Amino acid sequence: MAKPIMAKATAVWLVDNTTLSFKQIADFVEMHELEVQGIADGDVAQGVKGFDPIANNQLTQEEIDSAEADPLRKLKLKFNAAAQGEEKRRGPRYTPLSKRQDRPASILWLVKFHPELADSQISKLVGTTKPTIQAIRERTHWNISNIQPIDPVALGLCKQSELDAAVQKAAAKKAKEGAVMSDDERRKLVSTEQSLGMDAEPKIPTAIEGLETFTLAEDTVEEDKESGDYSDADSFFSLPEGSEEGDGDEDEKAKS
């Protein structure tokens, strides 16, 4: 159910001017039942002036009368055609003052890891202007040396679903244009969940790139055959013929 405008002031008016239950009012204005009870007791919303939902085209008197007669009935917000689609604003989103200093870091992250995103998409995601994005792209921003790329989702500037939707839209546009993408670029054009589920691409270390496969030459194999067969321990440790005699002569010379 849609929430009425000036919900707390509307709750104050309903508490003061109707016999609706606290739960009915709480459900209508999307507040907790105890908070509405606090309004009735004077502990909550002190000094808040009541906002008449009938005069402001949010409720009808017939709707209030029906709800007062039936405590289980829920109030229904009056349809207002002028308010439809009001939440879908055009242009950059509003960014709180406390988070505006984080926007350059998020822009740098998007430019670095999602270069396929258009400036208009980045502007809507983090609520910034195109000149700022262009300055960070060209590294002419006044504070570019101190900016570190940070995920805008982690900063709370946008939702993961919004980022994924923008990336998917960029992917569709890229595919429509028929541009050839590398595997790394293709990973950037999918959602986070899909990217994490992909198999890692095997890569050859740079230290051995360009090396060719060498085989043993025939003469090397023949030399190994002539040197003897050392497949067992006895043949490996066997001494050449005449070695014992040579060792004995050396011992006699040492004694003399």
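Me: How many helices and strands does the protein have?
Reply: This is a predicted model, where local features need pLDDT of at least 70, side-chain atom pairs count only at pLDDT 80 or more, and totals for chains, interfaces and linings use all residues. Residues are numbered from 1 along each chain as its sequence is written, and side-chain values use heavy atoms, leaving out hydrogens and water. Helices (H or I, at least four residues) and strands (E, at least two) are DSSP runs, numbered from the N terminus. The count is 14 helices and zero strands.

Me: What share of the residues in the protein is buried?
Reply: Buried means under 20% relative accessible area, exposed over 50%, and partly exposed in between, with a 1.4 Å probe and protein chains only. The protein has 256 residues. The buried share is 27%.

Me: Which helices do the buried residues of α1 pack against?
Reply: Helix α1 covers residues 7-17. Eight of its 11 residues are buried, so α1 is largely enclosed by the rest of the structure. Among them are Trp-13, Leu-14 and Val-15. The buried residues of α1 pack against α2, α3 and α4 (61-69).

Me: Are α2 and α3 roughly parallel or roughly perpendicular to each other?
Reply: Axes are lines fitted to C-alpha atoms, for helices over the stretch in contact, and angles run from 0 to 180 degrees between N-to-C directions. Helix α2 (residues 22-29) and helix α3 (residues 33-41) pack at about 115 degrees, with axes 8 Å apart. Angles under 35 degrees count as roughly parallel, over 145 as roughly antiparallel, 65 to 115 as roughly perpendicular and the rest as oblique. The two helices are therefore roughly perpendicular.

Me: Which residues of α3 make the contact with α2?
Reply: Contact means heavy atoms within 4.5 Å. From α2 come Phe-22, Lys-23, Ile-25 and Ala-26. From α3 come Glu-33, Val-36, Gln-37 and Ala-40.

Me: How do the residues of the contact of α2 with α3 divide?
Reply: Ala, Val, Leu, Ile, Met, Phe, Trp, Tyr, Cys and Pro count as nonpolar. Asp, Glu, Lys and Arg count as charged, and the others, Gly among them, as polar. The residues divide into five nonpolar, one polar and two charged.

Me: Where is Glu-30, a residue with a positive phi?
Reply: Most residues other than glycine have a negative phi. Phi of Glu-30 is near 60 degrees. Glu-30 is partly exposed, with a relative accessible area of 44%. Its place is the loop between α2 and α3.

Me: Where is Asn-57?
Reply: Asn-57 also has a positive phi, near 60 degrees. Asn-57 is partly exposed, at 29% relative accessible area. Its place is the loop between α3 and α4.

Me: Is Ile-107 buried or exposed?
Reply: Ile-107 is found in helix α5 (residues 103-113). Not counting residues up to four places away in sequence, Ile-107 touches Ile-122, Val-126, Thr-128, Thr-132, Ile-133 and Ile-136. Its relative accessible area is 0%, so Ile-107 is buried.

Me: Which residues of α7 make the contact with α5?
Reply: The axes of α5 and helix α7 (residues 130-137) come within 10 Å and cross at roughly 60 degrees. That makes α5 oblique to α7. Pro-104, Ile-107, Leu-108 and Val-111 take part from α5. From α7 come Thr-132, Ile-133, Ile-136 and Arg-137.
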